[in-house]
Amino acid sequence: MQRHPWIFEGAIAQATPLPPDGAAVDILSSQGTWLARGTWSGKSQIRVRLWTWNEAQPIDGTLIAERVATAVAGRKRLIADPGTTAYRLIFSESDGLPGVIADSYNGYVVLQLSTVGAALRAQAIVEALAAAVAPHAIYERSDADVRAKEGLEPVDRLLWGMAAEGPIEVLENGRRYTVDLLGGHKTGAYLDQRINRRRVAAYCQGAEVLSCFSYTGGFELEAAVAGARQITAIDSSAEALAMAFENIRRNDITTPYEQIEGNVFSELRRFRAEGRTFDVIVLDPPKFVHNRSQIDRASRGYKDINLLAMQLLRPGGLLATFSCSGLVSIDLFQKIVFGAAVDAKRDVQILERLMQAPDHPVLLTFPEAEYLKGLICRVT
Ligand code: SAH
């Protein structure tokens, strides 16, 4: 048993009696040996998510409370760090809780339940979180497109405690950010880039920096604190740029800061036509690949922006390029960046390989959990 937590539809010879959606099911080998216990998702290709390999352990409130407590204990140093008040508490399969994501923003927990097995157990999950971290409130923001695959409606509601009045402030690496818990993307912010923002900033002293797909300005903020000379941010969302601007202001940054509301693909072409160049370029696009059929088209998209960025970099400039598409492997991503380098006729060295922050761990039996990958490259 390799303990991979997914069972696809095609791997099941028979299901008798047919379980209702979300029900706990026992998995038996073809010889009838008990193997594992999971929850049934009758509408998803991933038909069963496995929660336990211990026959004596039911999928109940006790199991959920234990898993939540273990997840929280594993993050205790991060939770104790006064400089960071926004982090992921539970990362789904990697924390033994398939379909459950919980992020904490200064004591406000945002829960995402993306499978029917998790959705049916919301009450036990909320109770376990309330006991483990005593939050001000727990919201559910299960609006991810994956819910459709499970036949679940999106939800946006307060599950526990008192709602925050308006956006709240959190700290990340000691920097102040505004987070709009109900209006923002994902569960509010991109916590997975926390460490990478600092890693990239380490190259930004004295640099002219271009941050593409800025959202609320995390890469810009760290670059500014690290002593960037000038910063330009591009995003297609006016609301995101307004939040980024507010975050820059809130941290008393005086670095010259320019924002462009536009499409990165066309803005980079415009810069190229104008002959504009930079010392550091960050590419942190949204997820381009949602299913396998999109991989080719997305690869062309990644190649396009990476090629353009290389063309805009001064000799010796730095490219920090990311993909958060789980279906694009690090090998494929590196090949795409290689293709861009060949077309740009530039020599490109990888200086660092990056992944998601450690509060988004990758369970060894579940490598699919590693979705964010990044390369810091020197382009000569
Ligand atoms: N770098 C950010 C996260 C980026 S999320 C951080 O560190 O927090 C992706 C962002 O890309 C979103 O803000 C979205 O508005 C923006 N976006 C998506 N497609 C875009 C496009 N084609 N051009 C410009 N911005 C785009």
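**Exercise 1. Describe the largest nonpolar core of this predicted model.**

*Solution.* 
Step 1. Relate the core to the domains: domain 2 (61–169) and domain 3 (190–379) each provide at least three residues.
Step 2. Look for a further core: a second, separate one holds 33 residues, including Leu268, Ala298, Leu319 and Ile336.

**Exercise 2. Locate the largest pocket and classify its lining.**

*Solution.* 
Step 1. State the volume, which is about 1,800 Å³.
Step 2. Find the centre: of the 48 lining residues, Asp145, Val146, Lys287, Gly326 and Tyr371 are the closest to it.
Step 3. List the elements that give two or more residues to the lining: strands E1 (6–8), E4 (46–52) and E5 (86–91), with helices H5 (146–149) and H11 (330–344).
Step 4. Sort the lining by class: 19 residues are nonpolar, 14 polar and 15 charged.

**Exercise 3. Carry out the corresponding analysis for the second largest pocket.**

*Solution.* 
Step 1. The volume is about 670 Å³.
Step 2. The lining has 26 residues, of which Ile12, Gln14, Asp26, Ile27 and Leu28 are the closest to the centre.
Step 3. At least two lining residues come from each of E1, strand E2 (24–28), strand E3 (34–40) and E4; E2 supplies the largest share, four residues.
Step 4. The classes of this lining are 19 nonpolar, five polar and two charged residues.

Note on methods
Residues numbered from 1 in each chain as written. Predicted model: local features only at pLDDT ≥ 70, side-chain atom pairs only at ≥ 80, totals over all residues. Heavy atoms only, no water. Core = buried A, V, L, I, M, F, W, Y, C linked by side-chain atoms within 4.5 Å. Buried < 20%, exposed > 50% of the residue type's maximum accessible area, 1.4 Å probe, protein only. Domains from an automatic or database assignment. 1 Å grid on protein atoms, 1.4 Å probe; cavity = no way out; pocket = protein on both sides within 12 Å on 5 of 7 lines; lining within 4 Å. Points joined across faces, edges and corners; volume = space filled by probe spheres on them. Nonpolar A, V, L, I, M, F, W, Y, C, P; charged D, E, K, R; others polar.
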